[in-house]
Amino acid sequence: MIKPLSKKAEKLPKLFKAAATILKEVRENNGNAKSLVYDNKYKHYNTAALLALVCESNNNWNVLEKIIEKTDIFKNNPKLNPWVGRVLITQIIRRKDCKSECLPLLYVKKYANAILELASGDLSKSRGNELRYIRVNTLKTDVKTVIETFTNLEGWTLLPKCETYKDHLKVIEEQLLPKSMVFIQDFHIPEVLVFPSGHGSYFYNIAMKELILQNKASCLDAFLLNPKKNSVILDMCAAPGMKTCHLAAKMENTGKIYAVEKDPVRFATLQKVIKENGVTNVTTINKDVTQVDSEMCPDVDYIILDPSCSGSGLREDEVDDSRLNKLQFMQVALLKHALTKFPRVKRVVYSTCSLKTEENEQVIKTCLKAFKKDFRLMELKTKLPHWISFGGDKYKFGSKCIYTRPNVDFTIGFFIAIFERKPVVSVTENDKKKKHGKKVKKSRVSIDNDEECENEETEFVPKPKGKRVKNMKSEEHNAEHTAIKKKRRKVSKINVDYDDMVETKSVQNNKIKKIKSEDTMPDKVEETSQEIDFISKIKKKKTRPSINEVMKTNQNGVDFNENIKVNKIKNKIGGKRMKSTGVVIDEENENHSLNQDTKLVPSVSTNRIKKRKQSEESNEEHSEIKKKKKKISKASIDNEKIVETKGAQNNKRKNKKLCGIPS
């Protein structure tokens, strides 16, 4: 049994009271430890020690519950406040000496040996809770200067950078032992340095100046987004402001950042952190983020959404299903607001400090299904080489989401997914090419200032179906048909000109007879010979001149209008064509005169001439038969008229007799 304590016990230090109050708020109301610690209420406290005590109490919650159950510390000491008792148990586990002799501390010290024995076996082995991640504030200094300060002035040793991420994790596990004086630069984020545990108070004292205590998992949002200078960013749940300050450092205080926080206490913490970090491009908004839209925050390029969650990545405790459902509903609503109310946004980063799929993959699935036409998930493998932990395998998009797991990555538990707007397609080809299923070029919208959206330089437009196909085929057929018609017209014109130059043998004979009957036959022969020579030249060129061209070539004043048909004649003699005929020749009369240049050449189209002869003979026979038929028909008509006149005369005579008129 514990002996009764003296009445001269001291009061409980304010540090433990404040830590107990903040721990209760974190556990019962899902508060944020950092924002509560940096509240103005505790501004006169040692905020570094206060934050360390609260965070370790919260992270080792399951261990504390097991110690309380095994020792029955609260049953044996009913006056001991349970929240104060948990903070004091954590202080003993941390092996921190406390000279105070207050009653609560004296109660707990009686169980110190049992507490250390139970804690040594069951204390969380997560190296993420032991390691100290420090982000260099590049707005005030640079990474090189900080590393030189630690190595040259403080006596630290910088470990060399590893080739792979697995080797990096192995070095952290084996060489960054507690209280050892070695550190290493992070494998992915160059401005983050990793230190072993046991130096927490020292690091907290230098925080908010040139170095910022910020876990690597929390730094991944700004690192993966990597905004360029002069960008416009919206931080939807900004308090306490660590991510906001990291974004400002990435942009070197250019552009604009809208930091929104609804809770007035957390909003005050946000303003304080922004001011201490030397950030000048942030506009803080104390308002419900669901009431913020593109009118209040115009031209937003990027959005970061880190909503309230169960915090399962920070502590290993069970969460009620009803609470998970409420959190999921709120997270989906905020993410949908980010994807719909800002039309110019290019990327939206969604992250939680939770390892529950209800708050992570299920939220992504719901929003991705609703906005699949406009957004897609960004590949994060290229941004984080050799990364190990990804989303669930049962989700198609699981490989595009990442987790940070305490037992794997030595960080707090975290989930990140990035929505990326799909590129806007502008078609540069005609709509007809779309119909024929051709590839159409697309204009590419740049997602970053120096990056263009990957994949799909061209889009294959499918062929239309149904009536549209029939209409298109008919249009094609009509176009081809009109082209063929034009060609046929050209050919027919040439054939007509060619046929006009060919006349039947009977016409030729008649013309020759007329020429013979005239006294000026030699003159006519000379004239026609000149005309026919001109025609022979045209034949050699294989062209058909117009009448005007023929008239222009009249050098000897020959009147071509009288003998225009003679000019076009292709003289034929016994199925043979004259190459350069001098005169029109009669077949019956062999005593005729020819020019000296005339030569008989085999006809190119003798079969055609024979067919024409046959057709002419048949036409003559047919015409004779028609004439005979006409004569017969005329004779029959005359006979009928004679018969009619006789009958009419007889009728007239009968009528006169009846009327008494003499004939």
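Student: How many residues lie between E3 and E4 in their hairpin?

Tutor: There are six residues between E3 and E4 in that hairpin. Please keep in mind that this is a predicted model.

Student: How do E3 and E4 run, and how many bridges join them?

Tutor: They run antiparallel, and two bridges join them. Within this region, Ile184 stands opposite Val194 in E4.

Student: What is the order of the strands in the open sheet?

Tutor: Five strands form the sheet, in the order E2-E3-E4-E1-E5, and the pairing is mixed. Strand E2 (157-158) and strand E5 (211-213) are at the edges with a single partner strand each, so one side of each has no neighbour in the sheet.

Student: In which sense do E2 and E3 pair?

Tutor: E2 pairs with strand E3 (residues 182-185) in the parallel sense, over two bridges. Thr157 has Val182 in E3 as its bridge partner.

Student: Which helix packs on the sheet there?

Tutor: Helix H10 (residues 165-175) does, touching E3 and strand E4 (192-195). The direction of H10 makes about 165° with that of E3.

Student: And what about strand E1 and E4, in which sense do they pair?

Tutor: Strand E1 (residues 132-136) and E4 are antiparallel and pair over four bridges. Tyr133 stands opposite Val194 in E4.

Student: Which way do the side residues of E4 point, and are they buried or exposed?

Tutor: Val192 and Val194 point one way from E4, while Leu193 and Phe195 point the other way. All of them are buried.

Student: New topic. Which residues does the UniProt "binding site" annotation cover?

Tutor: According to the unreviewed UniProt entry, the "binding site" annotation covers Glu261, Asp288 and Asp306. They span 46 residues in sequence, yet no two of their C-alpha atoms are more than 14.4 Å apart, so they gather at one spot.

Student: Where does Glu261 lie, then?

Tutor: Glu261 is in the loop between strand E7 (256-260) and helix H14 (264-276).

Student: Is Glu261 buried or exposed?

Tutor: Glu261 has a relative accessible area of 8%, so this residue counts as buried, the cut-off being under 20%.

Student: What is Glu261 in contact with, apart from its neighbours within four places in sequence?

Tutor: Its contacts include Cys237, Ala238, Ala239, Arg266 and Phe267. Asn286 and Lys287 are also among them.

Student: Where is Asp306 found?

Tutor: Asp306 is in the loop between strand E9 (302-305) and helix H15 (321-340). With 16% relative accessibility, Asp306 counts as buried.

Student: Which residues is Asp306 in contact with, beyond four places in sequence?

Tutor: Asp306 is in contact with Cys237, Lys243, Ser351, Thr352 and Phe414. The side chains of Asp306 and Lys243 are joined by a polar contact of 2.6 Å.

Student: Lys243 is in H13, I think. How many residues of H13 are buried?

Tutor: Eight of the nine residues of helix H13 (residues 242-250) are buried, so the helix is mostly covered. Lys243 is one of the buried residues, and others among them are Met242, Thr244, Cys245 and His246. Just after H13, Glu252 takes a positive phi of about 55°.

Student: Going back to H14, is Ala268 buried or partly exposed?

Tutor: Ala268, which lies in helix H14, counts as partly exposed at 25% relative accessibility. The C-alpha atoms of Ala268 and Pro240 are separated by 8.8 Å, although these residues are 28 residues apart along the chain.

Student: One more pair of helices: at what angle do H3 and H6 cross?

Tutor: The axes of helix H3 (residues 47-59) and helix H6 (residues 82-93) cross at roughly 100° and come within 9 Å. H3 is therefore roughly perpendicular to H6. The contact is made by Leu53, Glu56 and Ser57 of H3 with Arg86, Val87, Thr90 and Gln91 of H6.

Student: Finally, how many helices and strands does the protein have?

Tutor: The protein has 24 helices and 18 strands. Of its 663 residues, 42% are buried.

Key:
Residues are numbered from 1 along each chain as its sequence is written. This is a predicted model: local features need pLDDT of at least 70, side-chain atom pairs count only at pLDDT 80 or more; totals for chains, interfaces and linings use all residues. Side-chain values use heavy atoms; hydrogens and water are left out. UniProt positions are given in the numbering used here, feature names are shortened, and annotations may be inferred rather than shown by experiment. Buried means under 20% relative accessible area, exposed over 50%, partly exposed in between (1.4 Å probe, protein chains only). Contact means heavy atoms within 4.5 Å. A polar contact is a pair of N or O atoms within 3.5 Å; within protein, one must be able to donate a hydrogen and the other to accept it, and residues adjacent in sequence count only if both atoms are side-chain atoms. Two strands pair if DSSP finds at least two bridges between them. Axes are lines fitted to C-alpha atoms, for helices over the stretch in contact, and angles run from 0 to 180 degrees between N-to-C directions. Angles under 35 degrees count as roughly parallel, over 145 as roughly antiparallel, 65 to 115 as roughly perpendicular and the rest as oblique.
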